Amino acid sequence: MIVALIIACEVGFWVLLAAGLTLRYVAKMPRAGAALLLCEPLLELVLLVVTTLDLKNGAAPDWKHGLAALYIGYTVAYGHYTVKWLDGHAAHRLAGGPKPAGPGYGKARAAHEWKLWIRTVLAAAVALCLLQVAVWYVGDAGDVSSLKGWQFAALRVVGIHALIAAAYTIWPKKAPVGADAS
């Protein structure tokens, strides 16, 4: 049931996002679109409550609970960023707004990658906290090795993303010929 809920939350995120942007830019109802976009965190709240209730009702902690924690961490760190990014592109395509700036090249791109890495650190911190609370909640009553495994997975993701950001710093992406090299 947890996996189905994670999938439903992900699908719900994109449906709410598409509906909110459609209301904002196609139906010319910006307040209704913004209200719909503000409902997105409710999806993660539902997932958190259901996951907690699942553990409370005696479910053995396993990979599904860990995946839920990582999903919640990811949406806390990247959800607003994703909405803002897509809103800028929708404003450009559907409402004649300015074209959103890309991540750039050289030092600007490296700085962008490090900012994304900080978001990944935030996502991992949220997931680690949720997983640790679950470990404490289950206590000695159950096997929490799966939850601890997800904690190490979150830390590995932070490390891998740091390597990617470092690569952009060491080997900066060069602007194509004729492009602005900002």
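Predicted model: local features only at pLDDT ≥ 70, side-chain atom pairs only at ≥ 80, totals over all residues.

Helix α1 has 24 residues, and the distance from its first C-alpha to its last is 34 Å. That distance is close to the 34 Å expected at 1.5 Å a residue. Next, colour the buried residues of α1, which are I2, L5, I6, C9, G12, F13, L16, L17, G20, L21 and Y25. These buried residues pack against α2, α3 and α4.

Move to K28, which is located in the loop between α1 and α2. Is K28 buried or exposed? Its relative accessibility is 57%, over the 50% cut-off, so K28 counts as exposed. Then display the backbone at K28: the residue has a positive phi of about 55 degrees, although it is not a glycine. Most residues other than glycine have a negative phi.

**Helix α3**

Select residues 40-56, which form helix α3. How does the span of α3 agree with the number of its residues? At 1.5 Å a residue, the 17 residues should span 24 Å, and the end C-alpha atoms are 25 Å apart, which agrees.

Now highlight E40, L43, E44, L47, V50, T51 and L55, the buried residues of α3. Turn the view so that you look down the axis of α3. The buried residues fall within an arc of 135 degrees, so they line one face of the helix. On the other side of α3, P41 and K56 are exposed. The buried residues of α3 pack against α1 (2-25), α2 (30-38), α4 and α5 (106-138).

Go on to G58, which follows α3. The phi of G58 is positive, near 95 degrees.

**H65 in helix α4**

Select H65, a residue of helix α4.

**Where α4 meets α6**

Select helix α4 (residues 63-95) together with helix α6 (residues 145-170). Their axes come within 8 Å and cross at roughly 35 degrees. The crossing of α4 and α6 is right-handed. Which residues make the contact? From α4 they are W63, H65, G66, L67, L70 and Y78, and from α6 they are S146, L147, W150, A154 and H161. Colour this set by residue type: seven are nonpolar, four are polar and none is charged.

**The whole chain**

Finally, clear the selection and view the entire protein chain. The chain has six helices and zero strands, and along the sequence the pattern reads α-α-α-α-α-α. Its C-alpha atoms fill a box of roughly 65 × 45 × 20 Å, taken along the principal axes. Buried residues make up 35% of the 182 residues in the chain. Among the contacts with a separation of 6 or more, 74% are accounted for by residues 24 or more positions apart.

How values were computed
Residues numbered from 1 in each chain as written. Heavy atoms only, no water. Axes fitted to C-alpha atoms, helices over the stretch in contact; angles between N-to-C directions. Helix = DSSP H or I, 4+ residues; strand = E, 2+ residues; numbered from the N terminus. Left-handed = near helix turned anticlockwise from the far one by under 90°. Contact = heavy atoms within 4.5 Å. Nonpolar A, V, L, I, M, F, W, Y, C, P; charged D, E, K, R; others polar. Expected span 1.5 Å × (residues − 1). Buried < 20%, exposed > 50% of the residue type's maximum accessible area, 1.4 Å probe, protein only. Arc of directions from axis to C-beta.
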